[in-house]
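Keep the sequence and the 3D view open as you read.

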Amino acid sequence: MNDTVDKLVIFLAKRDGIDKLVKTFQYVSKLVSWQVETTHPDLANRFKQWEVSSGLSRKAFRTGRFLTGFNGLRRNPGATPTFKFLAVLANAGEMVYFFFDHFLWLSRIGTLDAKLAKRMSFISAFGESFGYIFFIVSDLIIMKQGVEAERKLIALQEEEENSKDAKEKIRKIRGDRVMRLMAVAANVADLIIGAAEIEPNPFCNHPLSLGISGLVSAWAGWYRNWPS
């Protein structure tokens, strides 16, 4: 029990799990469409349709997701005033992102006026980017604190040989650091995607930049959500 197939089933049963899988479809199809658009336009159009369909499907999966940030602030606002401040800003941005993403989805599928899509997309992307900046800052601070704590534990371990408690704490710190590095990578990648919507520019809006950023975000999410 609990082999790779079991873990895959558990992973896909999570909302974040299926979201990362469909996000992989979305950005792989974007890259393929870009790669073959001049040589095989018909094939490129098919992959473009897959990309658009995947993006809309992800928005449906995220219905009500804005409540996650609100609940996070209620249950675990942060251990210090600094982290509470960062948590409020980060979760507020993410809540704006997911809330207005509902209206973007409804406008794109034709339930609401299609003219609303551009405005909703801008507000959603702005909230997303704003929130991710503070999530990144928070993770970097915690990683810095972890490095400092690890150095102290290593020094303690050298003084007290075979300290199992110190070894276990070091293992946990390093494991936490890897997860936070994955979170930072995903948030930076999503920040590039958000910037492409807020302030279009040749770098962020290039299909290669968007495709790679989307896959980095998706696969970092796979790693973080994969059952241990």
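How far apart are the end C-alpha atoms over residues 120-142, and is the chain helix or strand there? Over residues 120-142 the chain is 100% helix and 0% strand, with its end C-alpha atoms 33 Å apart.

Before going on, a word on the model. This is a predicted model, in which local features need pLDDT of at least 70 and side-chain atom pairs count only at pLDDT 80 or more, while totals for chains, interfaces and linings use all residues. Residues are numbered from 1 along each chain as its sequence is written, and side-chain values use heavy atoms, leaving out hydrogens and water.

**The whole chain**

The protein chain has 8 helices and 0 strands. Helices (H or I, at least four residues) and strands (E, at least two) are DSSP runs, numbered from the N terminus. Along the sequence, the pattern reads α-α-α-α-α-α-α-α. Taken along the principal axes, the C-alpha atoms fill a box of roughly 65 × 40 × 40 Å.

An unreviewed UniProt entry places the feature "transmembrane region" at residues 83-100 and 120-142. UniProt positions are given in the numbering used here, feature names are shortened, and annotations may be inferred rather than shown by experiment. Residues 83-100 are 100% helix and 0% strand, and the end C-alpha atoms of that stretch are 26 Å apart.

**How helices pack**

Two packed helices are described by the angle between their axes and the distance between the axes. Axes are lines fitted to C-alpha atoms, for helices over the stretch in contact, and angles run from 0 to 180 degrees between N-to-C directions.

| Helix pair | Angle | Axis distance |
|---|---|---|
| Helix 3 (residues 41-61) and helix 5 (residues 81-108) | about 135° | 9 Å |
| Helix 6 (residues 116-159) and helix 7 | about 160° | 7 Å |
| Helix 7 (residues 164-198) and helix 8 (residues 207-225) | roughly 150° | within 8 Å |

Angles under 35 degrees count as roughly parallel, over 145 as roughly antiparallel, 65 to 115 as roughly perpendicular and the rest as oblique. Helix 3 and helix 5 are therefore oblique to each other. Their crossing is left-handed; that word applies if the near helix is turned anticlockwise from the far one by less than a right angle, and right-handed if clockwise. In this pair, Leu56, Lys59 and Ala60 of helix 3 touch Asp101, Leu104, Trp105 and Arg108 of helix 5, where contact means heavy atoms within 4.5 Å. These residues divide into 4 nonpolar, no polar and 3 charged. Ala, Val, Leu, Ile, Met, Phe, Trp, Tyr, Cys and Pro count as nonpolar, Asp, Glu, Lys and Arg as charged, and the others, Gly among them, as polar.

Helix 7 and helix 8 are roughly antiparallel to each other, and their crossing is left-handed. Residues that meet here include Met179 and Ala186 in helix 7, and Leu210 and Tyr223 in helix 8. By class, this contact has 14 nonpolar, 3 polar and 2 charged residues.

**An aromatic pair**

The whole structure holds 11 aromatic pairs. Rings of Phe, Tyr and Trp (its six-membered ring) pair if their centres lie within 6.5 Å; planes under 30 degrees apart count as stacked, over 60 as edge-to-face and the rest as tilted. The ring centres of Phe66 and Phe99 are 5.4 Å apart and the planes are at 85°, so this pair is edge-to-face. Phe66 lies in helix 4 (residues 66-75) and Phe99 in helix 5, 33 residues apart, so the pair links distant parts of the chain.
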